[in-house]
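The sequence and the structure are shown below.

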Amino acid sequence: MFVREENFKTFIRLYPVISILTALHLIVFLLLNIGPQADFLYYYFAGSNYYISQGEYWRLATPIITHVSLTHVLFNSFSLVIFGPALERILGKGKFLIGYFGAGIIADIATYFILPINFAHIGASGAIFGLFGIYLYLMYARKEYLVGAGNKQILLVVLVFSLITTFTSEGINIYGHLFGLIAGAALAPVLMAFVPRQKFR
């Protein structure tokens, strides 16, 4: 379920949404690190609480595809490539996008209301935690989709590790991670409402 055996071409064909999102991560990362447009893009893509309060509501979504650090973009993109495909197949393209961006935007809304007006942030971590939230729902409400105890163990280990690093690493938007997780779990019943009860293969 989480082992990727497809070649590059097959992966793109099977998981077009994951492929496009990963490409966006990398393209925006390169544009933010190379060329004269870098400062312009960061200025308009960052999730600045102050500018959101001034009506620039697109900043609730643009941080989800915005990374400056190489380790940040690689970690989030790797997480998306490993844990996203199963959900893209289960939910379908449209619902996956709603779940991914929905969780990320809810996390950014929570960040706006909880953290100071001068706080700014970037990164897809809230959306990635949203995927984990959807998986948590599947674990306990739609168990037929998590084939084998090994998949559940992998998810729980990764989630626990991610939560530990959330609270122990510097510069982490803790509220973004936590509310992304909660948002994913809350959105999951709606997203799964019309998905047939069948085992995921």
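## Packing of α7 against α8

The axes of α7 and helix α8 (residues 149-168) come within 11 Å of each other and cross at roughly 140 degrees. Axes here are lines fitted to C-alpha atoms, for helices over the stretch in contact, and angles run from 0 to 180 degrees between N-to-C directions. Helices (H or I, at least four residues) and strands (E, at least two) are DSSP runs, numbered from the N terminus. The helices α7 and α8 are therefore oblique to each other; angles under 35 degrees count as roughly parallel, over 145 as roughly antiparallel, 65 to 115 as roughly perpendicular and the rest as oblique. The crossing of α7 past α8 is left-handed, a term that applies if the near helix is turned anticlockwise from the far one by less than a right angle, whereas clockwise gives right-handed.

On the α7 side, Phe129, Phe132, Tyr135, Leu136, Met139 and Tyr140 take part, and they meet Lys152, Leu155, Leu156, Val158, Leu159, Ser162, Leu163 and Thr166 in α8. Contact means heavy atoms within 4.5 Å. The residues of this contact of α7 with α8 comprise 11 nonpolar, 2 polar and 1 charged. In this classification Ala, Val, Leu, Ile, Met, Phe, Trp, Tyr, Cys and Pro count as nonpolar, Asp, Glu, Lys and Arg as charged, and the others, Gly among them, as polar.

## Basis of the model

The model is predicted: local features need pLDDT of at least 70, side-chain atom pairs count only at pLDDT 80 or more, and totals for chains, interfaces and linings use all residues. Residues are numbered from 1 along each chain as its sequence is written, and side-chain values use heavy atoms, with hydrogens and water left out.

## Packing of α7 against α9

Helix α7 (residues 125-141) also packs with α9, their axes coming within 6 Å and crossing at roughly 45 degrees. That angle makes α7 oblique to α9, and the crossing is right-handed.

From α7, the contact involves Ser125, Gly126, Phe129, Gly130, Phe132, Gly133, Ile134, Leu136 and Tyr137; their partners in α9 are Gly176, His177, Gly180, Leu181, Gly184, Ala185, Ala188, Pro189 and Leu191. By class, 10 residues of the contact of α7 with α9 are nonpolar and 8 are polar, with no charged residues.

## Phe179 in α9

Phe179 lies in helix α9 (residues 174-191). With a relative accessibility of 30%, Phe179 counts as partly exposed; buried means under 20% relative accessible area, exposed over 50%, and partly exposed in between (1.4 Å probe, protein chains only).

Neighbours within four places in sequence aside, Phe179 is in contact with Ile106, Ala107, Ala110 and Ile114. Phe179 and Ala127 are separated by 52 residues in sequence and by 9.5 Å in space, C-alpha to C-alpha.

## Packing of α5 against α6

Helix α5 (residues 70-91) and helix α6 (residues 93-114) have axes that come within 7 Å and cross at roughly 130 degrees. The two helices α5 and α6 are therefore oblique to each other, and their crossing is right-handed.

In α5, Leu80, Gly84, Leu87, Glu88 and Leu91 meet Lys93, Lys95, Phe96 and Tyr100 of α6. This contact of α5 with α6 has 5 nonpolar, 1 polar and 3 charged residues.

Ile117 is placed in the loop between α6 and β2 (120-121). Its relative accessible area of 48% makes Ile117 partly exposed. Apart from neighbours within four places in sequence, Ile117 is in contact with Asn49, Tyr50 and Ser53. Ile117 and Leu187 are 70 residues apart in sequence and 27 Å apart in space, C-alpha to C-alpha.

Ser19 belongs to helix α2 (residues 16-33) and is buried, with a relative accessible area of 15%.

## Salt bridges

A salt bridge is a side-chain nitrogen of Lys or Arg within 4 Å of a carboxyl oxygen of Asp or Glu. By this rule there are 2 salt bridges.

One joins Arg4 to Glu6, with the closest N and O atoms 2.9 Å apart. Arg4 is partly exposed at a relative accessible area of 24%, and Glu6 is partly exposed with a relative accessible area of 24%. Another joins Glu56 to Arg59, with the closest N and O atoms 2.6 Å apart. Glu56 and Arg59 are both buried.
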